[in-house]
There are 2 protein chains.
Amino acid sequence: MSEISSIGEFGLIHHLTKDFKTINASTLKAVGDDCAVIDSGGKKTLLTTDLLLEGIHFDLTYVPLRHLGYKAVVVNLSDVYAMNGTPRQITVSLGVSKRFTVEHITELYAGIYAACERYCVDLVGGDTSASVTGLLISITCVGEADEKDIIYRNGAADTNLICVSGDLGAAYMGLQLLERERVASAGQKDFQPDFAGREYLLERQLKPEARRDVINEIRELDIHPTAMIDVSDGLSSELIHICRQSGVGCRIYEDRIPIDYQTAVMAEELNMNLVTAAMNGGEDYELLFTVPLSELEKVEKMKTAHMIGHIVKPSLGTSMVTRDGTEVEICAQGWNAFKEE
Amino acid sequence: MSEISSIGEFGLIHHLTKDFKTINASTLKAVGDDCAVIDSGGKKTLLTTDLLLEGIHFDLTYVPLRHLGYKAVVVNLSDVYAMNGTPRQITVSLGVSKRFTVEHITELYAGIYAACERYCVDLVGGDTSASVTGLLISITCVGEADEKDIIYRNGAADTNLICVSGDLGAAYMGLQLLERERVASAGQKDFQPDFAGREYLLERQLKPEARRDVINEIRELDIHPTAMIDVSDGLSSELIHICRQSGVGCRIYEDRIPIDYQTAVMAEELNMNLVTAAMNGGEDYELLFTVPLSELEKVEKMKTAHMIGHIVKPSLGTSMVTRDGTEVEICAQGWNAFKEE
């Protein structure tokens, strides 16, 4: 018998889906990208789903239910934007143990509705059930896109520029901060956590946004990404997805990885390696994309994203060029929920 | 604070969704039917989702993983058929605790794939995660239908005939049988459960089928149902859904409720009320539908379904006429997972 931790989530999914052939002509893209793509006769339908489990993906001792509902929606929308699509509908399935009251679930839904309102998405269905232990949230999002607009992970080509939006590592540092204060508060009554000057880190962890604004700017500037993915498991993991699926290599530059000031200060304080946090932290929900070299000028005008490197021939591998000019191979340390702590 | 069991699943969903207005023109039908209906420009997209949790919806001491995978898919397909649609794609999200190995999940997927193959459905995505305790399966199904073909729950009208496919109560009796043998086997090594002559009950509980054949027969005979729903929570509950949403009442006849011989024998043996089991047992996954009186002759030709009553004016209420001619009001005792045992 093989323990699942021995092959990890990606290994398990690959093992389970590798021999499965699709049957329906309307299935344009099945497993392997941010969303599945379905031909519905008119616009194409994008479909993505995410599962959030208490004790694995969130800890209710420091995550307010309203924020949890908001984030659960946003992570799905992020996948639709990562295909250059527009999210339209979601379904929400909940498993709820006896310690939750109607008021708790109403609070969770307030966050779900707030995200729906902000991103103009309709809640169209779901399933609510008792659970033996804890809370679980399974959300599916349906989006739409014209076929010509859809951006897959497999279109990156040699000499393409690599761009990423926003900054990286802040959500991970926000989690470290929450965890530190949780430990410090243990057993103390009236404990006041100290989050002063760290609001950005908390916001990135507790209430991330999907980068609709990046998609809008790409359209406004008439930029045509060749590949795109959202950064949920960490930059390293997502770069490897794009390079593997496109059959290319990459060079990114350490000094170009976008990092916020608060992230850097927090890493210093916790004595953690800043670049490792930015490369492997995860939960950034930024967009990582590649564009043809000919669009360099347009990319330089972008306010929401900037260039961090370029695509190279596959034989050159996937590496980061450090500040002193050394090439370090990029390994996906991305978050493996099956790994033993 | 209000316990969820005080309002039940339907009450909770109503409470959470009653004030929510949809925004997108493509959202043709949101919460409240077997599926949501989305306008994708060509054919309409049907969307449904179901959550199955260990310890709530299934018990792995008597449910083989392969059957569980099969059933998890089938219950979603059943919702698409209940809209007169064709299921095309599914996504599968799993939460898996450490006691499950790669071999276990491969077995579960064998059942998922068997259902996909039988019903010509493509697996197009999902999410796999570690869970703290037990197994959970969240499946979403996407189907398609021409707008004119979609059958909602709200179209039943006075004098319509009420029909149901197959027979009722067998899945519930199968569960009772499995539970009895589980209790009998406790602590005994090499215990051989006695299922002889009860194979049909087991099959109905462990490996139900979605009634694609009923949909095909309706099309072949050119029958035009005015309302349709699948029987997942029990005939009583589904009749009340159709009557409430259509603003009508109903009369069904006790002696017309279809019940298999094995179901009757088992009820006798367990000293349970047979009609109660058939009306409220649930998990039958049969189709309940109404048709105009003018199609009586066509309905009488159906092999997969037959008539059990008719729709009446709302003032006459929802009742069952017993064998001795008494009218008994139908109450939805349907399965409430939040109820205390």
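This is a predicted model: local features need pLDDT of at least 70, side-chain atom pairs count only at pLDDT 80 or more; totals for chains, interfaces and linings use all residues.

Analyst: Happy to; here is a tour, from the whole chain down to single residues. Residues are numbered from 1 along each chain as its sequence is written, and chains are lettered from A and ligands numbered from 1 in the order in which they are written.

User: Great. What helices and strands are there in chain A?

Analyst: Chain A has ten helices and 13 strands. Helices here are DSSP runs of H or I with at least four residues, strands are runs of E with at least two, and both are numbered from the N terminus.

User: And how far does the trace of chain A span?

Analyst: About 60 × 55 × 50 Å along the principal axes of its C-alpha trace. The radius of gyration of chain A is 20 Å, which agrees with the value near 20 Å for a compact globule of 341 residues. That radius is taken over C-alpha atoms, and the globule rule is 2.2 Å times the number of residues to the power 0.38.

User: How much of chain A is buried?

Analyst: Buried residues account for 52% of the 341. A residue is called buried if 20 or more other C-beta atoms lie within 10 Å of its own, exposed if 12 or fewer, and partly exposed in between, with C-beta atoms placed from the backbone.

User: Which domains does chain A have?

Analyst: The assignment gives domain 1 (4-149) and domain 2 (161-329); such bounds come from an automatic or database domain assignment. Their centres, taken over C-alpha atoms, are 22 Å apart. Across the boundary, 16 residues of domain 1 of chain A are in contact with 16 residues of domain 2 of chain A. Contact means that the C-beta atoms, placed from the backbone, lie within 7 Å. The domain 1 side has nine nonpolar, four polar and three charged residues. For those classes, Ala, Val, Leu, Ile, Met, Phe, Trp, Tyr, Cys and Pro count as nonpolar, Asp, Glu, Lys and Arg as charged, and the others, Gly among them, as polar.

User: Switching to the pair: how is chain B placed relative to chain A?

Analyst: A rotation of 180 degrees, with 0.0 Å of shift along its axis, superposes chain B on chain A with an RMSD of 0.0 Å. That is the relation of a two-fold axis. The same surface serves both copies, as 100% of the contact residues of chain B recur in chain A. The superposition is by least squares on the C-alpha atoms of residues with pLDDT of at least 70 in both copies.

User: Which residue of chain B comes closest to that axis?

Analyst: B:G42, with its C-alpha at 2.3 Å.

User: How many residues are in contact between the chains?

Analyst: 69 residues of chain B are in contact with 69 residues of chain A. The elements giving two or more residues to the chain B side include α1 (8-17), α3 (102-118) and β5 (122-130). The largest share, nine residues, comes from β5(B). By class, the chain B side has 31 nonpolar, 29 polar and nine charged residues.

User: I'm curious about A:S131. Where is it, and which residues does it touch?

Analyst: A:S131 sits in the loop between β5 (122-130) and β6 (136-145) of chain A. Leaving out residues up to four places away in sequence, A:S131 touches A:G95, A:V96, A:S97, A:L136, B:L53 and B:I56.

User: Is A:S131 buried or exposed?

Analyst: Buried, because 24 other C-beta atoms lie within 10 Å. By contrast, A:S129 in strand β5 of chain A has 19 and is therefore partly exposed.

User: Last topic: which residues of α4(B) are buried?

Analyst: They are B:A170, B:A171, B:Y172, B:M173, B:G174, B:L175, B:L177 and B:L178. These buried residues pack against α5, α8 and α9 (274-280) of chain B. Just after α4(B), B:G187 takes a positive phi of about 80 degrees.

User: And what does α5(B) pack against?

Analyst: The buried residues of α5(B) pack against α2 (65-81), α4 (170-185) and α8 (261-269) of chain B. Those buried residues are B:L201, B:L202, B:R204, B:Q205 and B:L206.

Note on methods. Two residues are in contact if their C-beta atoms, placed from the backbone, lie within 7 Å.
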